[in-house]
Structure formats: C-alpha cells, structure tokens
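Subject: Two-chain model, handover and findings

Hello,

Here is the structure I said I would pass on. My notes follow below it.

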Amino acid sequence: MAEPTLVDIHTGVDAVFRAEAGRILATLIRLLGDFDPAEDAMHDAFSAALQRWPAEGVPANPRAWLVSTARFKAIDAIRRRARFEAAQADIADTLHGVEPVAAAGDDELPDDRLKLIFTCCHPALAPEARAALTLREVCGLTTEEIARAFLTTVPTIAQRIVRAKAKIRDERLPYQVPAGPELPERLGAVLAVVYLLFNEGYSASSGPSLTRADLSAEAIRLGRVLLELLPEPEVVGLVALMLLHESRRAARISAGGELVLLEQQDRSAWNHTFIREGIALVERALATRRFGPYTLQAAIAAVHAGAGTPEATDWRQICALYAALLAMSPSPVIELNRAAAVAMHEGPAAGLALIDAIVARGELRDYHLVHSARADLLRRLGRREEARAAYTQANALVKSAPENAFIEKRLRELG
Amino acid sequence: MKYICLGYADPTLFASASEAEMNSMMDSCFVYDDQLRANGHFKGGEALQPPNTAMTLRYTNGKVVATDGPFAETKEQLGGIMILEARDLNHAVELISKHPGTKFGPWEIRPAADLGEMMQQSEARRHKGGKPRG
C-alpha cells in the first residue's frame, strides 16, 4: 500500500470540512460563546490539520481532534492578544477552565448544529443572506461555491455573509433552538431556507442549465440533518417532498437538454429508492395529524410517484389534496396547480375556467406557467389561435433556455 | 486558496505619528503577522518602501520609458503585499479585517489567478511547427 500523498491529505481534509464543519463550528460556538472566534479557531484547526496530518497521519477521530485543536488555537489567540491587552488575560484563564473536550466518544456531546441552523436562518437576517449563511456555516460550502450556485459574483455573496455575521454579533441574535410557541414560526423560517435551496437546485431560475443538482443535494443533506435532530411532522414532510421531486431528476430532461413534462417522462428512469423513502416519510408525517403544507405537497407528489403510468394517476385524490392545501395556505400558485389537476380529473374546460378566474382577479399575470398552462388547455380544447397567443406570452416571460426551447417546440407543433 | 492582499496607507499618517505611536502600530502588526504565520495563513509578503523610491516603466511610442514614482498620485499608496492562504473569500475577509494595518488604510483582497492552463496553451502555441516536446 502506498502512503497517502499530500493531494490525498488535502482532499481528505476538504471532505472532513464538508461533512463536519457545521458540527464542529456549532460545538465551538457553544464552547467559546461567540460566533467569530469560533469560526477563526475552526479555520485554524483545519490549517493545522493540513500541516500535521501528512506527517502524523489522520487521527482516528478527526472531529474530536479538530475540536480540541481549535479550542487550543482559540486560547492561543486570546493569549497572544493579551500580551498587548493585559486586561484580557483573565478571559484566557476562564477559557482554560472550560470542561475539556473528550478525545474519544465525542458523540455524547450534545449536537449543536440545530442551534447553528436556527441562528443562520434567523428572521432578523435578510432572506437571501439566510441561504448563503446556512450553506457556508452549516454545509461547509465556500463563498466561491455559493456564488457559482446562485450565479452571482463572489464579492456579492461575501458581502451578504459579512453583513449577516455583523448583524448576528451586533444584535446578539440568540444561539439557541427556540422553544414553545416561538418554535413553529422559527422552524418555518428554517424550512423555507431549505426549500429555497432545493428549488434553486431543482429548477434553476436562470442560466443555461435547467437544474443544479449540487444545490438540491445540499438541501436534502440539510433536511436529513434537521430530520435527525428535530423530527417535527413538517420536517418529515419537507424531506419527503424533496426526495419525491428529486426522484424524477433524470427523467425531467431529455438527452437534448429539453424539459420533459410529467406525462411524457420515462417512469422507469425515476429513482425508486428515493420514492420508497419519500412515501414512507409522507405516511409517517400524515399519521401525526399535525402536518402542514409541506406534507400535503409531498402527499401529492407521492400520488404521482405511485402511478405506474400517467393514466393510472389518481387525479381525484390529487384534487382533494390540493383543496386541503389551498384551505391551509391559500395562494394563487397552489390554485393554479389545483386547476391543472382539475383539468385532468374533470376535463380541460373545468381547469381553464379556474385559471381564467385567477387571471381575472389580476393575479399571476406575469407568471409564465399561468400562460403555458392556459395554452396547453386551449390546445386540448382545439382553440388554436388562443393557444398560440398564450404560448407566445409565456415564452416572453421565461428566462431559462431549456424552457424557451420547450415552448417554441409547442408553438411549432400548433402549426 | 491563495489571496493576494494589497495594503494601502496614507504616507502622511506615518509622518505625523509620534515615535511611541509608530512603535505601537508596528508591534501590533507584527504580532498579528506572527499569528497568521503560526496558523499557516501567511504564505509570503513584503512591505514596500515609500512611493518616492519607485520607478515606473511604461511602453510609449515603441520604446520603454522609465519615470520616477508610482502610476497615480493618490492619497493612499500601496504600502505592502501579503499572500494569504484562506479557505474562501469570507475567510480572507475575516483574517484581514483583524489586521491592525486596516487602521492605516484600505486593503484590497483578490484571489490569485491560476494561469496553469493558459501557460500550457501558450507553450503549445510557441512549439507549434517547431520540434514537438516530450
């Protein structure tokens, strides 16, 4: 066996960072009582790993090694500063008194990642900053990777993160899992960030590629961490929803890079491992009778996933689930989806009437899916000219290349 | 990842500081540099002598002309460069924002560009038609 090369060690340290940074940072924030020194100490510990692991070998428990090294680095940093600011000396002494991190069996330590997730998704932070901060602090992505994922510049993301961290520090945002009546609302903000990440990866809002699998994978990973730490029904429902959507990824895009609708997808290309897990989670969430909108959306996705052919789809059940979802969280987008389900169950005319009612209220007029859904129903009703006008409107509103190609193909088919 | 950090300073600030102030400023900088070094972040760097010691070479009308001083007359002049090893841009920002040198003037942080591929392409261009290598 060859000795691990320097490149292997670098790759290994990077993999440990991706897998463990969130957990290590969370523990250090608890030990040091402050966000910034904890992050410095963690980075210093990873630098030390790069320097020492090639010679000393990778420790048996890398996380425990990193936490303990980071703690000593933090004490060092305070000491060094204390040479100039003598008044600070007692802080280092206090820190030295902190209970030592067990070298082994650190799994007994409380998992602090949940606190970190709640801090990163705090409602006091700007919504776009919450996603960037969570990806960096909890998932261990670099600023550069986050910028690529959101198709924006690195300094823009860096600024968001700098501002968010300054806000956490200056406003002393609590580092804790909220309890009691505060929990559902705060959990809602956390789940919204996870779902935003997933959607950004599932259906990229702009750019040449229709999906960005890495972001969806991070969202699912984060969802699983939440599920492990806080198995509330809506967490279960959200993970189910993401798995069921993700199961269709390979079938959603044709070999030529075009969008393939659910009806035309090759169902044998769906990921049936994800589907089985997703359906089991939906059933678990529904059984609690405390479920919310994520669980209902997952239940709808589960009905689709359970149908071997498009014709076998239980549209009656899907219509009922949409009605329940609409009653729980009224939104014109959900109304639009319900209209599409009604069109399948009762015919295109019934669906079209529901969509026209939404548009008549003045809602969703600039939402391309309204126009493409209308166009599709008009086409099925044989109203060709109106269908053409609706597709043209949809095409003007779309910003993603594969979606444009899809609409243009439909326009050509109308003749 | 490597970041090149350019530290700017207003030279008149140094002229007006007392000796004790200067010493304290410099000491705090060196202490922080040592800390960066100890943690593997400081990959190299040099302080620069004042701008009036500089020569500028410029290609003008087909030949290289040497002039005194730096390119532009601005209040803040480049005082030193540092090659910093950091995980990402936010990590570099954190490390440099604690540098006492930020009190003297702005710092510019730029990721080092990897020209490896460009150099390979250039090499291929230069040896095209000539004797193939390797």
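Predicted model: local features only at pLDDT ≥ 70, side-chain atom pairs only at ≥ 80, totals over all residues.

Sheet in chain B

Chain B has an open sheet of four strands, ordered β2-β5-β1-β6 and paired antiparallel. At its edges are β2 (42–47) and β6 (107–111) of chain B, each of them pairing on one side only. On average, neighbouring strands in this sheet are turned by 15° against each other, direction ignored. The helix α3(B) packs on the sheet, where it touches β1 (2–9), β5 and β6 of chain B. The direction of α3(B) makes about 155° with that of β6(B).

As for the pairing of β2(B) with β5(B), the latter spanning residues 77–85, five bridges join the two antiparallel strands. Within this pair, Gly44(B) is found opposite Ile83(B).

Contact between the chains

On the A side the contact involves 19 residues, and on the B side 13 residues. Two helices of chain B, α2 (19–38) and α3 (89–97), each supply at least two residues of the side that touches chain A. The most comes from α3(B), with five residues. By type, the residues on this side of chain B are three nonpolar, seven polar and three charged.

Core

The largest nonpolar core holds 125 residues, and Leu28(A), Met42(A) and Ala240(A) have the most contacts inside it. Helix α1 of chain A, residues 6–32, gives the most to this core, namely ten residues. Why does the core lie between domain 1 and domain 2 of chain A? It does so because domain 1 (6–103) and domain 2 (334–415) both give residues to it.

Which residues is Met42(A) in contact with, leaving aside its neighbours within four places in sequence? They are Ala21(A), Ile24(A), Leu25(A), Leu28(A) and Ala70(A). Leu28(A), one of these, is also among the residues with the most contacts inside the core.

Regards

Notes: Residues numbered from 1 in each chain as written. Chains lettered and ligands numbered in written order. Contact = placed C-beta atoms within 7 Å. Nonpolar A, V, L, I, M, F, W, Y, C, P; charged D, E, K, R; others polar. Core = buried A, V, L, I, M, F, W, Y, C linked by C-beta atoms within 7 Å. Buried ≥ 20, exposed ≤ 12 C-beta atoms within 10 Å, placed from the backbone. Domains from an automatic or database assignment. Pairing = 2+ DSSP bridges. Axes fitted to C-alpha atoms, helices over the stretch in contact; angles between N-to-C directions.
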